[in-house]
Amino acid sequence: MTRNENQGDGIDGLNLLQEEALLAEGHCAVLAGPGSGKTRVLVSKVAHLLRHRVAGPRGVACITYNNECVRELRKRFVGTGLRPGGQLFLGTVHSFCMSTIIGPFGRLFREDISAGLNIASSQDVTNGIAEALASLKIRSNASDWREPINLHRRTRLDGGYQDEQIQRVADAYESALHRRGLIDFDDMVLIGLDLIRTQTFVREALEARFPYLVVDEYQDLGYPLHRIVREIMANTSITVFAVGDEDQSIYGFAGADPMYLRELADDSEVHSVRLDTNYRCAQRTIDGSEIALAPPEPRGYKSARDDTEGDLLLIEDPGGLASQATTIADGIIPALNERGIPNGQIAILYVDYMDVPALSRALTYAGIEFAGERDRRYPRTPFTRWLEDVAAWCTAYPETTLDPAFEDIYQEWVQLRTDANVSVGWADLADRSQFHAFLQLLSNADMPLAEWLDRLNDAIGVTTYLANHPRHPQGLDNWKVIRSQCELGGSLEKLTLSNFAIGRGHPRVVTLTTLHSSKGREYDAIVIPGLEDGRLPRYNAPVPEGVAEARRVLYVGITRARLIVYLMYSGWYEIPSGRHFEDGPSRFVLELLENLGNL
C-alpha cells in the first residue's frame, strides 16, 4: 500500500484518522459520524488484515446489522478484489451465530437444540406464543405478547428481568419452538451468546477460525451482541474492530441503545478513534443536523467540501400532508430536476407509513416514478431483493459490466440451492453456463413480469428449492405474493421486467422510504414531510429516551443529503380515524427556525 503524498492523506487516500484506525493493532472502536467514510475504513481494514495479518485457513468475521448492509458491504469488498466466502465471513449477527456457533456446536452442548433446526416462520412464532400461553394457563391473544417478548429477549440483562411473567412466557415460547425443531432470529443470538459464555470449546473454536472480529453498525446491534463481543474480548485472543456512531442509533424498538458503543469506546483496553470529517454534506447541513440532534457536547464535524453548495430549507405548507405531497410532486421535484438533480438522486423520507398513500398518489398523478421499501406491493426480503437483482441483470443485458454482477447473482443462486441440501459446486462450469444461458433468454426489459416469473421458474425451478428453505423460510410465500399480484386487478398487473428491476434503484426513480430505512444511504436531495409535533417526536414518546431517539432519527435523515434538504410542516396533522391535532410544528423544526439564521 502506498501513501498519497499529493493530497497529504494516509494510506490509499485515507485521511490520518482513518489511517490510525486502519493500523490499530489491538481492539479498536471507530466512532464515525455521517459521511466520514466509515465503510471505506471498514473495508480497508478487512483487506489489510487478510493481506498482511491473517494467514489462511484462518480468516476474518465481519458482521453487520441487516441483509441490506450485507449487500452493500459485499459490493464494496468485491470492488477491492475480496469476495466473501473462504477466509472472509460476511453476514448479519444472526447468520454468524447460526452458521459458526449454533450449527456446528448447538446440539453438542444443549439438549434442546436438534440437528435439523429450521427458522420459524411468522405463523410458527404465533403458534409458539399461543402454546406458551396455554401451558402457563394465561388467557390472552398471542399477538398481544409478541412485542413484549421481543423487547424482553433483546434487552434482558444476564437472565434477569423486572417482569417475571414476561420472562416465563418468553422461556415457554422458546421451549415450544425448540420442541418443533425451530429457532427464531432473536433465539439465534441468545443461544450463540449462551454457548460462547458457557463453553470453552466453542470460544477456542472461534478463536482458531477467526483471529479478528469486525463489527459494522455497532450502535444498532443491541445488548446480546454487545455481550458476545465483551465475552470474546474477555475470554479469547480474538481482536475486535468495531465501527459505529452513537448519534445514529435509531432502532430502540429492536433493543438498540447508544450506550453499548459508548461503553466499548470508553474501555481502557480499546483504542478509540473519532472520524471528524464529513465528505458528504455541506457545512450548513452539518450544522443544521447538529441543532436537530442537540447532543450533550458539540460534535464539531467539519465538511471536507470547499464549495458553497448545500442548503437546508424549512417549508411551511398550511394545507396538511396531502398538500405537502402535492408541493413535493408539482414543485420541489421539478425544481430539483431543473437544477440538474435527477429523480434517482431524490429521496422522500416519511415519518409514518400511513403517509404513503398521500405521497404515492401525488407522485403517481404527477407521472413521477418511485420505489421504496414501504410501497406495500410485495415483501422486501433477501429473496425478493435477489429476484430484483436477477431482473436488473436481465434488463441491462448485454451491458454485463453494470451492477449487479452476474457472479454475485450466480453465487446467491448456488447458496440458495446449497441451503436446500442440493449439492452444487462453486466451480461447476456447466451449471454456471446453463444459468447464464437461461438469463440471456429472459433478458427482455419489456416482458410482462408475470411471464418472466413463470419462464424463470420453468427454467430453473426456483419454487422447488424454496419449500421449507432454512434461510428463506418465507421465500415461497414471497414468490406467491408477487405472482398473485401480477394477475388481473393486482398491484403488479401492468409491471414489466424493467419496472420490477426498478425496485433496487434506478436513475429515473424517486426513492420513497422511511426515515429509519434511509440510514446508510445518500442522495443529492432529501425531502422530509410531515414534521409535526406529536408525530416526531411521537405524542407518547418517553422522556428523555424517546425524544432523544426521535432527534437521532431526524439527524440521520438530514445527513443523507449531499446538496439540499427540505423539511416540511403544517402545524397540524390528522390520523386515519379523522381526528385532527393542532400541536404545531415539531419542536425540532422550531429549534431549527430559531437557530438556522445564526449559522
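This report describes aromatic ring pairs and the surroundings of one aspartate in a predicted model.

## Aromatic pairs

A pair of aromatic rings is described by the distance of the centres and the angle of the planes. The structure holds 18 aromatic pairs. In one of them, the ring centres of Phe 89 and Phe 96 are 5.7 Å apart and the planes meet at 65°; planes over 60 degrees apart count as edge-to-face, so this pair is edge-to-face.

Both partners are buried, a term that applies under 20% relative accessible area. Phe 89 has a relative accessibility of 13%, and Phe 96 has a relative accessible area of 3%.

## A pair between two helices

Trp 413 and Tyr 465 also form an edge-to-face pair, with 5.5 Å from centre to centre and 80° between the planes. Trp 413 belongs to helix H16 (residues 406–419) and Tyr 465 to helix H19 (residues 462–466), so the pair ties together parts that are 52 residues apart in sequence. Trp 413 is buried, at 3% relative accessibility.

Trp 413 and Tyr 465 are also members of a cluster linked by ring pairs. Other members include Phe 383, Trp 386, Tyr 410 and Phe 435.

Asp 267 is located in the loop between helix H11 (258–266) and strand E8 (271–275). Its relative accessibility is 16%, so Asp 267 counts as buried.

Leaving aside residues up to four places away in sequence, Asp 267 touches Arg 230 and Met 233. A polar atom of the Asp 267 side chain lies 2.7 Å from the backbone nitrogen of Glu 269. Asp 267 and Cys 28 are 239 residues apart in sequence, and their C-alpha atoms are 9.9 Å apart in space.

Key
Residues are numbered from 1 along each chain as its sequence is written. This is a predicted model: local features need pLDDT of at least 70, side-chain atom pairs count only at pLDDT 80 or more; totals for chains, interfaces and linings use all residues. Side-chain values use heavy atoms; hydrogens and water are left out. Rings of Phe, Tyr and Trp (its six-membered ring) pair if their centres lie within 6.5 Å; planes under 30 degrees apart count as stacked, over 60 as edge-to-face and the rest as tilted. Buried means under 20% relative accessible area, exposed over 50%, partly exposed in between (1.4 Å probe, protein chains only). Helices (H or I, at least four residues) and strands (E, at least two) are DSSP runs, numbered from the N terminus. Contact means heavy atoms within 4.5 Å. A polar contact is a pair of N or O atoms within 3.5 Å; within protein, one must be able to donate a hydrogen and the other to accept it, and residues adjacent in sequence count only if both atoms are side-chain atoms.
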